[in-house]
Amino acid sequence: MKKLPIAEIILVILGSILYFFANLQRVAVPGAVFTLLQTDLSTTAQNIASLGAMFMYVYALTQLFIGVIIAKYGGFRIITVGAVLFFIGSILFPLSDSFTIMYLSRILIGIGSACFYLAMINETRKTVPDKNFGLAVSFVLLIGYLGGIIANAPLVILINHSGWRKVFLVTAVITVLISLLFIIIGRFAHKQPVNKEVKLNLDLYKQVFSNKKNINLYLFACTNYGLYYVIQTVIGKKFLEDFCNMTVLNSALILSIMGFLYAIAGPAIAYISKATLSRRKIYLRIASINTLFTFFVIFSCILLKIKTPIIPCLLFCSIAFCASLSPLLVPLLHDINGEKTSSTAISIMTCGFYVFVGLAGNFIGFCLDIFKNNNAYYAIFSVCVILAISACYNVFKIEDSAKTKRILNYVKNHGKIESEDDSNHWHDKYEHDLYNNV
């Protein structure tokens, strides 16, 4: 019987916990504590929004190169470096009295957070048997997504009781302990040798951008996801408090529900897509139309001064469920780009997600400082509607991959689907019979 890699399994679990805290930091600042920080620090909305934007920019930039670094040095080494940067930034944030130190803390937290996700996937694949890999990754992602859920209503309750500095300091201390435990146990784990042959290849980036199909997908995906995530992490809670007159706790609860819906939507969308023979473009279009509908209705409510919280709350939850499109976008990028450039294409898309959110955060902070009362939200959501229209325009340029089209054609010529089980059978059979031989 093969001996279990105990040290490696423990490191995967500890890495998942670090990923939890990374998501908590990413969602909580400035989203859940926007108004609180602005009041406590007596500063502009732009300065508070820039705390989130700073995180997003460095996180995005790191995503472009982290895959190559992991391939060269191994996931556990990268998590170790990321953990040290992350806990230093986490400690600095609640102890900061100047925005210079706060911005530095967000930069360190952003770089550290960027080291966790891909490295965790990389080491999970090596540690867990292939038959359990999907389940293990789901477990890792679930722990991470819980951080985004805790970052709203539960965090607000704690902050109301103890203050934001004490709460963030406690989370920082926990992060330090988890990181030190990871470093200690890491000394007993097997690490891959440094692969000196792995180098950054800029030609791969050129190939990705030269493919027009990638451009259309990026313009849609980054805008659609960015519009959801800027609600989740920057302006959603503040909008519900300011415009809809919701309490701090109730508005935070809505954002926690959004995080929960986003977490469960990924597996659900992936299953539905597989059951319908990977007809991805249909679901991408539905998601884009839903985003446009959401922002148009909210913009109309602002214009007509309809301040009932029910409408935006339901619409926020709707876009949260429809924003979890990575199970569709990642396979589509694989199909479009092929094995050689697919990882680069995915890293570029991930980078684009967070660059969009960073820019949107800066724009929102600018609007909140320049415009008064509801005029700020009028400006913000009018731009969101324009961006949602552009996402819709680009999503209708996206076609199912040649691979999916061949599957559908094969099914059309050889049989019909009568049930979900039958659909899964067709999908698996044609994946094997058709693409391993054509």
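Mentor: Serine 105 lies in helix H5, which covers residues 99-114. Helices here are DSSP runs (H or I, at least four residues; strands are E, at least two), numbered from the N terminus. Before we go on, note that this is a predicted model, so local features need pLDDT of at least 70 and side-chain atom pairs count only at pLDDT 80 or more, while totals for chains, interfaces and linings use all residues. Residues are numbered from 1 along each chain as its sequence is written, and side-chain values use heavy atoms, leaving out hydrogens and water.

Is serine 105 buried or exposed? Its relative accessible area is 0%, so serine 105 is buried. Buried means under 20% relative accessible area, exposed means over 50%, and partly exposed is in between (1.4 Å probe, protein chains only). Leaving aside neighbours within four places in sequence, serine 105 is in contact with Gly89, Leu92 and Phe93; contact means heavy atoms within 4.5 Å. Serine 105 and leucine 85 are 20 residues apart in sequence, and their C-alpha atoms are 9.1 Å apart in space.

Now look at glutamine 63, which sits in helix H3 (residues 45-73). Glutamine 63 has a relative accessible area of 3%, so this residue is buried too. Not counting residues up to four places away in sequence, glutamine 63 touches Ala114, Leu118, Ser347, Thr350 and Cys351.

Let's step back to the whole chain. The protein chain has 18 helices and zero strands, and 53% of its 438 residues are buried. Take the contacts between residues at least 6 apart in sequence: 82% of them join residues at least 24 apart.

The interior comes next. A nonpolar core is a set of buried Ala, Val, Leu, Ile, Met, Phe, Trp, Tyr and Cys residues joined through side-chain atoms within 4.5 Å. The largest one has 129 residues, and Phe239 and Phe381 have the most contacts inside it. Helix H15 (residues 326-370) gives the largest share of this core, with 17 residues. Phenylalanine 381, apart from its neighbours within four places in sequence, is in contact with Ile231, Phe239, Phe295, Ile298, Phe299 and Ile302.

Finally, the charged pairs. The structure holds six salt bridges; a salt bridge is a side-chain nitrogen of Lys or Arg within 4 Å of a carboxyl oxygen of Asp or Glu. One of them joins the side chains of glutamate 241 and lysine 237, at 2.5 Å from N to O. These two are four residues apart in helix H11 (residues 212-242), so about one helical turn separates them.

Another salt bridge pairs lysine 281 with glutamate 399, with 3.1 Å between the closest N and O atoms. Lysine 281 is in helix H13 (residues 280-304) and glutamate 399 is in the loop between helix H16 (375-395) and helix H17 (402-414), so the pair ties together parts 118 residues apart in sequence. Lysine 281 counts as partly exposed because its relative accessibility is 23%, and glutamate 399 does so at 37%.

Glutamate 399 also forms a salt bridge with arginine 285, where the closest N and O atoms are 3.9 Å apart. Arginine 285 counts as buried because its relative accessibility is 18%. Through shared partners, salt bridges join Lys281, Arg285 and Glu399 into one network.
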